[in-house]
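Please look through the sequence and the model shown here before reading the notes that follow.

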Amino acid sequence: MSDELKRASAEAALEEVRSGMKLGIGTGSTAEFFVRALAEKVAGGLDVIGVPTSERTAALCKELGVPLTTLDETPELDLTIDGADELDAALQLIKGGGAALLREKIVAAASARMVVIADESKVVETLGRFPLPIEVMPFGLESTRRAVVKAADALSMSGEVKLRLNADNAPLVTDGGHYILDGRWGQIPDAVALADRLAAIPGVVEHGLFIGLAKAAYVAGPAGVRKISPAAA
């Protein structure tokens, strides 16, 4: 059922896409459904060009014939469509489960609009059930990890902050050559305050809190797809 819902939200978001658009194309399982649906439209004559948010997405776009560019060649985009690991009623997001959060945020920030695609299991009252990914420099890792813990402690958030490992039990390395720390706090009562504190830590490259970026979301459930926005939530 989950794949069906992901596909439904991805296909519904295609109504945002117009010929001539410069698109940011997200990463993750829901975003892959969007790429496949977009590729069908491109094959039918839709004229778009995309900036992928990961090497994985780039490979899929190339395989399916979606034309690509880069932010250096096309620094301003019309629209980014991407998934989320969590979203709340204000369309604050947690992203980075696929370790692409840095490129995802750069692309989203370069876009006039960001639209989220998700199934209803990703909608939460308070962010934090999904561990918060934090992209960090390998240099000074333990010092940075402790600074992240202190930042959470200052907001009365308790939990573990752990290095993400890959299947070989070695540190997962992002497309940018960084590591990921996952903050497992259960709840993030003040996402803005946490985002500010994390951004002030020198070893933190970027965090997975996307605040004020998403303008709408297509959320799929058993009853269908609903479009939500911060104003309507």
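In α5, the buried residues are Thr144, Val148, Ala151 and Ala152, where buried means under 20% relative accessible area, exposed means over 50%, and partly exposed lies in between (1.4 Å probe, protein chains only). Seen down the axis of α5, these buried residues fall within an arc of 95 degrees, so they line one face of the helix; the arc is that of the directions from the helix axis to the C-beta atoms. This is a predicted model, in which local features need pLDDT of at least 70 and side-chain atom pairs count only at pLDDT 80 or more, while totals for chains, interfaces and linings use all residues. Residues are numbered from 1 along each chain as its sequence is written, and side-chain values use heavy atoms, with hydrogens and water left out.

- Helices (H or I, at least four residues) and strands (E, at least two) are DSSP runs, numbered from the N terminus.
- The face of α5 turned away from its buried side carries the exposed residues Ser143, Arg146 and Lys150.
- The 13 residues of α5 should span 18 Å at 1.5 Å a residue, and its end C-alpha atoms are 18 Å apart, which agrees; the expected span of a helix is 1.5 Å times one less than its number of residues.
- For helix α1 (residues 2-13), the 12 residues should span 16 Å at 1.5 Å a residue, and the end C-alpha atoms are 17 Å apart, which agrees.
- The buried residues of α1 are Leu5, Lys6, Ser9, Ala10 and Ala13, and, seen down the axis of α1, they fall within an arc of 130 degrees, so they line one face of the helix.

**Salt bridges**

- Side chains of opposite charge can pair when their charged atoms come close.
- A salt bridge is a side-chain nitrogen of Lys or Arg within 4 Å of a carboxyl oxygen of Asp or Glu, and by this rule the count comes to 13 salt bridges.
- Glu142 and Arg145 meet through their side chains in a salt bridge of 3.0 Å, N to O, and, being three residues apart in helix α5 (residues 141-153), they are separated by about one helical turn.
- Glu142 is partly exposed, with a relative accessible area of 36%, and Arg145 also counts as partly exposed, at 25% relative accessibility.
- Glu142 forms a salt bridge with Arg146 as well, the closest N and O atoms being 2.8 Å apart, and Glu142 and Arg146 both lie in helix α5, four residues apart, about one turn of the helix.
- Arg146 is exposed, with a relative accessible area of 52%.
- Elsewhere, salt bridges that share partners join Glu16, Arg113 and Lys227 into one network.
- The side chains of Glu104 and Lys95 meet in a salt bridge of 3.3 Å, N to O; Glu104 counts as buried at 4% relative accessibility, and Lys95 is buried with a relative accessible area of 3%.

**Loop residues**

- Most residues other than glycine have a negative phi.
- Leu91, although it is not a glycine, has a positive phi of about 60 degrees; Leu91 is found in the loop between β4 (86-87) and β5 (93-94) and counts as buried, at 1% relative accessibility.
- Ser156 is not a glycine either, yet has a positive phi of about 60 degrees; Ser156 lies in the loop between α5 and β8 (160-163) and counts as exposed, at 72% relative accessibility.
- Thr74, in the loop between α3 (55-64) and β3 (77-82), is buried, with a relative accessible area of 12%.

**The largest pocket**

- The largest pocket has a volume of about 210 Å³; on a 1 Å grid over the protein atoms alone, a pocket is an open set of points where a 1.4 Å probe fits, with protein on both sides within 12 Å along at least five of seven lines.
- Grid points are joined across faces, edges and corners, and a volume is the space filled by probe spheres set on the points.
- The largest pocket is lined by 16 residues, of which Thr27, Gly28, Ser29, Ala84 and Asp85 lie nearest its centre; lining residues have an atom within 4 Å of a point.
- The elements that give two or more residues to this lining are α2 (29-43) and β6 (111-119).
- The lining residues divide into three nonpolar, eight polar and five charged, where Ala, Val, Leu, Ile, Met, Phe, Trp, Tyr, Cys and Pro count as nonpolar, Asp, Glu, Lys and Arg as charged, and the others, Gly among them, as polar.
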